[in-house]
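Hi,

Here is the structure I wanted to pass on to you. Have a look, and my notes on the helices and the ligand follow below.

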Amino acid sequence: MISAERIPNNVGLSSNKRLQRALEHWQPKYIQWWKDMGPQGFQDYHQVYVRTAVSVDPSGWAHFEYVKLPEYRWGIFLADPVHDRRIGFGDFMGNPVWQEVPGEFRNQLRRLVVTQGDTEPASVEQQRWLGQRCPSLYDLRNLFQVNVEEGRHLWAMVYLLHAYFGREGREEAEELLHRNSGSLDSPRILGAFNEETPDWLSFFMFTYFTDRDGKYQLGTLKESAFDPLSRTCEFMLKEEAHHMMVGTTGVDRVVQRTVEVMREHDTDDVGGLGAIPLPVIQKYLNFHYSVSLDLFGGETSTNVANYYTAGLKGRWLEDRRKDDHKLTSDAIMVDALSEDANGELSIGQTEVSALVGLNTDLRREYIADCQGGVKRWNRILEEGGVRQRLKLPHVAFNRKVGAFAAIEATPDGEKIPAQEWERRQGDWLPTDVDKTYVRSLMQPVHQRGKIAAWIAPPRNGINGQPFDYDYVHLA
Ligand code: BYC
């Protein structure tokens with residue numbers, strides 16, 4: 001049995017017996033999934049210094065305590081309602097937002113909630129071995145913080161499914177625990193969530209690039225006319241910021257350490273010296289960025305046009321856009337393949353209606369944001385007196401979804417034949433040798449105040465605590 005107090009919430013759970021029963025039925029399955037597919041080797045004994053959301057006000061969502069992971073209080077929170085909130089875009093613009101799911105949009109909304117929900121447990125599954133390879137207790141704690149919050153985001157979507165989508169919603173909630181990352185029989189829905197996260201460089205790149213897709217997708221769902229979805233996503237975005245901090249500063253610290261070792265030994269070749277060479281960091285960046293671009297769907301999509309017109313999914317910062325918020329007569333340039341008279345394909349752009357180009361609009365915002373990280377990492381290189389620079393690969397590079405899925409391209413955006421791609425892809429994407437080397441560095445450091453040699457310590461601890469704080473109390 002669960003009690004409403006065991007699930008911190010602001011959705012009136014204790015006064016909604018039907019919903020409480022549905023969640024009571026789901027909760028033991030969730031805990032079983034968490035034990036089977038969540039952090040391996042760190043379940044029952046260790047006390048972790050985590051942040052638990054106990055309410056949506058600033059003091060309530062940053063409440064720190066030591067918990068054993070399966071006893072984390074996964075709560076259900078919606079941001080406070082906005083009085084007289086109106087739909088901000090699409091055909092129903094200006095109407096009051098919906099507190100229930102309109103029948104005609106039920107399937108589409110359910111699909112959006114399920115796709116979003118599917119990514120959350122997927123990332124926990126992908127990261128489940130990392131605790132055994134962690135560079136410090138500080139990092140271990142951050143990993144677990146990310147994991148429990150992804151678990152909470154799953155709860156957030158399961159709440160919506162149970163509360164608003166009836167029997168079908170309950171069935172979808174079961175399926176969210178049944179699909180698994182990388183499973184051959186029942187994989188996760190989106191490509192990036194079936195990739196492995198076998199080492200901490202992958203983890204930092206994932207939390208930088210893939211969690212950032214989460215930020216942008218949640219930002220569009222926050223605009224939704226379906227108010228419970230909007231309020232849920234608004235609150236999830238607060239937690240998402242910590243995940244991206246982990247990614248941004250994680251890559252900072254890897255680059256920092258590499259620069260130090262390069263300087264110490266006056267060499268670019270730090271491979272044998274316990275640091276991660278810059279070309280390997282670039283390859284990991286190339287991989288995680290390109291698979292994250294795939295998460296935006298095709299450059300043109302009638303799905304997204306329909307979502308927008310119906311008011312289900314808006315644009316990033318919709319209310320700051322200076323247009324009619326309907327877009328029926330607007331156009332946008334999108335990346336595309338063009339074909340010349342001889343049937344030769346080349347990488348170019350084409351103009352399409354703004355509505356079908358909305359995935360591109362969002363992806364553009366995302367790319368501009370990603371540039372910020374690269375700039376920051378290059379500043380570390382510059383300040384360290386190193387001449388090499390990192391960069392984002394071209395949008396056509398290594399794509400499996402959208403216009404460029406049909407071709408191969410270099411990181412500079414030059415279209416190349418498939419055979420050349422086969423020959424050269426190891427120059428641009430992590431090879432088995434690169435991955436084995438990075439894996440070889442992942443010897444766990446579980447002593448308080450100590451850190452692995454391939455990464456620099458963080459500048460700041462968590463919640464004002466020092467780096468050598470007892471972030472995970474190992475039993
Ligand atoms: N892999 O019309 P299109 C996060 C499918 S991350 C496999 O262009 P649409 C998090 C697509 O379903 C954020 N299949 O796509 C991060 C469609 O299938 P059908 C997650 C893909 O619908 C880190 C077909 O291809 N949230 O929160 O415009 C840790 C044609 O696609 C993929 C969301 O994604 C793919 N990558 O846009 C934890 C928000 N991409 O119709 C968490 C909800 C597309 O032919 N989802 N397909 O059967 C959406 O808004 C949309 O579904 C998408 C796709 C943006 C994903």
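A word on terms before the helices: axes are lines fitted to C-alpha atoms, for helices over the stretch in contact, and angles run from 0 to 180 degrees between N-to-C directions. Helices are DSSP runs (H or I, at least four residues), numbered from the N terminus. Keep in mind that this is a predicted model, where local features need pLDDT of at least 70 and side-chain atom pairs count only at pLDDT 80 or more, while totals for chains, interfaces and linings use all residues. Residues are numbered from 1 along each chain as its sequence is written, and side-chain values use heavy atoms, with hydrogens and water left out.

Helix packing

Helix H5 (residues 200–221) and helix H6 (residues 227–265) bring their axes within 8 Å and cross at roughly 155°. That makes the pair roughly antiparallel, a label for angles over 145 degrees. Their crossing is left-handed, meaning that the near helix is turned anticlockwise from the far one by less than a right angle. The contact of H5 with H6 has 15 nonpolar, seven polar and five charged residues (Ala, Val, Leu, Ile, Met, Phe, Trp, Tyr, Cys and Pro are nonpolar, Asp, Glu, Lys and Arg charged, the others, Gly among them, polar).

H2 (residues 106–126) and H3 (residues 137–164) also cross at roughly 155°, with axes that come within 8 Å; H2 is therefore roughly antiparallel to H3, and this crossing is left-handed. H2 also packs with H5, at about 160° and with the axes 12 Å apart.

Ligand site

There are 28 residues around the ligand, and Arg111, Gln116, Gly298, Ser301 and Lys313 come nearest (near means a heavy atom within 4 Å). As for polar contacts (N or O pairs within 3.5 Å), a ligand nitrogen is 2.6 Å from a side-chain N or O atom of Gln116. A polar backbone atom of Gly191 is 3.0 Å from a nitrogen atom of the ligand, and a polar side-chain atom of Asn303 is 3.0 Å from a ligand oxygen. The protein buries 79% of the 1,100 Å² that the ligand exposes when taken alone (accessible areas by Shrake-Rupley, 1.4 Å probe).

Cheers

Terms used
Helices (H or I, at least four residues) and strands (E, at least two) are DSSP runs, numbered from the N terminus. Angles under 35 degrees count as roughly parallel, over 145 as roughly antiparallel, 65 to 115 as roughly perpendicular and the rest as oblique. A polar contact is a pair of N or O atoms within 3.5 Å; within protein, one must be able to donate a hydrogen and the other to accept it, and residues adjacent in sequence count only if both atoms are side-chain atoms.
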